[in-house]
Amino acid sequence: MNEYLDRVRNLYIGRINQKQFIILAIIMLVVEIIATSIGSQTSITFGGIGTVVNVLILLSLAIITMHLYVRRLHDVDVSGWAALIIILLIVIHIVFGLILFLILAIVPSVPYTNQYGGLPKKDRSLFETFMNT
């Protein structure tokens with residue numbers, strides 16, 4: 001077990017340049033996309049246990065990918081701990097984005113013309129609504 005932990009710790013030591021970072025990040029992205037598509041099929045096929053396995057695989061891939069960011073941060077003379085700030089910002093963005101979406105989805109329209117225009121037309125197609133035509 002100690003040998004395994006030493007190998008994992010060694011992943012986070014050292015530096016990688018831009019080209020290495022970009023190539024390895026693209027490879028990991030492809031691996032994660034493949035794992036996600038396979039994982040979604042196992043979730044459909046095997047139900048709950050497939051979902052658990054899928055989540056564990058994706059978490060493992062995220063941890064493995066994290067060492068790329070840490071080593072690239074080392075290359076630009078920034079502590080690898082800054083990667084945790086990046087993760088924290090992503091989590092905050094997702095959580096607050098979801099909360100804002102739910103608030104906007106729940107709050108009804110004001111029933112009068114306001115400073116931004118009249119009431120939205122109810123018989124417009126989604127395309128017309130999106131394009132604001």
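Q: At roughly what angle do the axes of α2 and α3 cross in this predicted model?
A: This is a predicted model. The axes of α2 and α3 come within 8 Å. They cross at roughly 175°.

Q: Are α2 and α3 roughly parallel or roughly antiparallel to each other?
A: The axes of α2 and α3 cross at roughly 175°. Angles over 145 degrees count as roughly antiparallel. The two helices are therefore roughly antiparallel.

Q: How many residues of the contact of α2 with α3 are charged?
A: The contact has 15 nonpolar residues. Another 11 are polar. The charged residues number two.

Q: Is F21 buried or exposed?
A: The relative accessible area of F21 is 17%. Buried means under 20%. F21 is buried.

Q: How does Y69 count by its relative accessibility?
A: Y69 has a relative accessibility of 37%. Y69 counts as partly exposed.

Q: Which element gives the most to the lining of the largest pocket?
A: The largest pocket has a volume of about 460 Å³. Of its 16 lining residues, the closest to the centre are A62, T65, M66, Y69 and I87. The elements that give two or more residues are α2, α3 and α4 (82-106). With six residues, the one that gives the most is α3.

Q: How many nonpolar residues are in the lining of the largest pocket?
A: One residue of this lining is polar. One is charged. The nonpolar residues number 14.

Q: Which element gives the most to the lining of the second largest pocket?
A: The second largest pocket has a volume of about 190 Å³. Its lining includes Y12, M66, V70 and W81. Both α3 and α4 supply at least two residues. With three residues, the one that gives the most is α4.

Q: How many charged residues are in the lining of the second largest pocket?
A: Seven of the lining residues are nonpolar. Two are polar.

Q: What is the phi of D77?
A: Most residues other than glycine have a negative phi. D77 is not a glycine, yet its phi is positive. The value is about 65°.

Q: Is D77 buried or exposed?
A: D77 sits in the loop between α3 and α4. Its relative accessibility is 74%. Exposed means over 50%. D77 counts as exposed.

Q: What distance separates the C-alpha atoms of T129 and R9?
A: T129 is in helix α5, residues 126-131. T129 is partly exposed, at 42% relative accessible area. Along the chain, T129 and R9 are 120 residues apart. Their C-alpha atoms are separated by 52 Å.

Note on methods. Residues numbered from 1 in each chain as written. Predicted model: local features only at pLDDT ≥ 70, side-chain atom pairs only at ≥ 80, totals over all residues. Heavy atoms only, no water. Buried < 20%, exposed > 50% of the residue type's maximum accessible area, 1.4 Å probe, protein only. Axes fitted to C-alpha atoms, helices over the stretch in contact; angles between N-to-C directions. Helix = DSSP H or I, 4+ residues; strand = E, 2+ residues; numbered from the N terminus. Parallel < 35°, antiparallel > 145°, perpendicular 65-115°, else oblique. Nonpolar A, V, L, I, M, F, W, Y, C, P; charged D, E, K, R; others polar. 1 Å grid on protein atoms, 1.4 Å probe; cavity = no way out; pocket = protein on both sides within 12 Å on 5 of 7 lines; lining within 4 Å. Points joined across faces, edges and corners; volume = space filled by probe spheres on them.
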